[in-house]
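These are my notebook entries on a structure that I had not looked at before.

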Amino acid sequence: MTAPHPEFEADCIRRILAGERQLFHDLIRPCERSIYFLLMSLLRNETEAEDAAQETAIKVYLNLKNFRGDSQFRTWVLSIARNEGLGRLRKAGTRREESLEAETDEQTGDYTPAILTSWREVPSEALEREELGTLLRKSIDGLPEIYRNVVLLRDIEEMDVRETAAVLGVSEGAVKVRLHRARALLQRDLAPKLEGFAPQKTAGKGLLGWFKR
Amino acid sequence: MRIDCRHVWEHISAYIDGEVDATLRAEIDRHLETCEICSAVLDSTRNVVVLVADERVFELPFGFSQRLHARLDRELELAESP
């Protein structure tokens, strides 16, 4: 993700408001990835998320004069994206308000990790294998919404705790608790499945050498 | 005081993010030296965090950006200045 540049943004906004409309493309470009994946996390449908992302960008443009600069530009943009997503869910009647709101941070779940006695690291190069990406996406997709959103913003879009809390409208403490639970759930789900993606042990190397001969 | 495994698990996420204070970090480190289960739990959790953060896991749909900016072009032409 592109790091925000407040001065560039402030200058852009000033000039767009003064009439240089085309600059809006440059202003919104660093945010498009985060907008899309936040909406994907909420709507869970590619076509819908893309349409909502376009609507979000247009709303950002139309409301640009209302941006006060008391939060980061991206935080403001993502709040608009989140509202767009929630609005669509409400309209479609798919958001179960009560049950979702009832998912409070006090709930006691079982967040025991997968117990292992050793771990062989799965290097990033293993992502060359399509199945690994699919496995990771599936696991994240299987998280309850309140955890999925936090993982997306914190671990995937690499935002800090403060910004994540501002976008989601929750406390920084809640972000930390949710992230902890989300990571525990991911570790529990993924650890047993990831084993096959770790490089072969040294013993395996000998075997590979044997095959090569 | 020696902390137990459950206590370590409770702080794993904060430990990975460098958000535990020095005293707790030292206690966890001491525990990790001798507990292979907690070491494996920590390593696997950290490994999962690194993997999901890789840009290849979540890629924008092909042509997403072009379509977005084409739509913006149409809107910017129609819309009044913000």
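Entry one, the interface. I began with the contact between the chains, keeping in mind that this is a predicted model, and I found that 46 residues of chain B are in contact with 57 residues of chain A. I then looked up the area buried between chain B and chain A, which comes to about 4700 Å², and I noted that carbon and sulfur atoms give 63% of that area. The size of an interface is often given as the accessible area lost when the parts come together.

Entry two, polar links across the interface. I looked for residue pairs in polar contact between chain B and chain A, and the rule finds 20 of them, counting pairs with both residues at pLDDT 80 or more. Sorting the side of chain B that touches chain A by class, I wrote down 22 nonpolar, 8 polar and 16 charged residues.

How many salt bridges does a search of the whole structure find over all chains? The search gives 23, and across the interface of chain B and chain A the rule finds 6. I picked out one pair to follow by eye, Arg71(B) and Asp51(A), whose side chains meet in a salt bridge at 3.7 Å, N to O. Arg71(B) lies in helix H5 of chain B while Asp51(A) lies in helix H4 (residues 46-62) of chain A, so this pair joins two chains.

Rolling a probe the size of a water molecule over the atoms shows where empty space is left. I noted that the largest pocket holds about 540 Å³ of space. It is lined by 22 residues, and those closest to its centre are Phe37(A), Met40(A), Arg137(A), Val57(B) and Phe58(B). In chain A, helix H3 (32-43), helix H7 (130-141) and helix H8 (145-156) are the elements that give two or more residues to this lining. Among the elements, H7(A) gives the most, with 6 residues. By class I recorded 9 nonpolar, 2 polar and 11 charged residues in the lining of the largest pocket.

The largest cavity has a volume of about 70 Å³. Residues of both chains line this cavity, including Tyr111(A), His180(A) and Gln187(A) from chain A, and Trp9(B), Ser13(B) and Thr45(B) from chain B. Helix H10 (172-194) of chain A, together with H2 and H4 of chain B, each supply at least two residues of the lining, and H10(A) provides the largest share, 4 residues. By class, the lining of the largest cavity has 6 nonpolar, 4 polar and 1 charged residues.

Methods:
Residues numbered from 1 in each chain as written. Chains lettered and ligands numbered in written order. Heavy atoms only, no water. 1 Å grid on protein atoms, 1.4 Å probe; cavity = no way out; pocket = protein on both sides within 12 Å on 5 of 7 lines; lining within 4 Å. Points joined across faces, edges and corners; volume = space filled by probe spheres on them. Nonpolar A, V, L, I, M, F, W, Y, C, P; charged D, E, K, R; others polar. Contact = heavy atoms within 4.5 Å. Buried area = accessible area lost by both parts, 1.4 Å probe. Salt bridge = Lys/Arg side-chain N within 4 Å of Asp/Glu carboxyl O. Polar contact = N/O pair within 3.5 Å; in protein donor to acceptor, adjacent residues only side chain to side chain.
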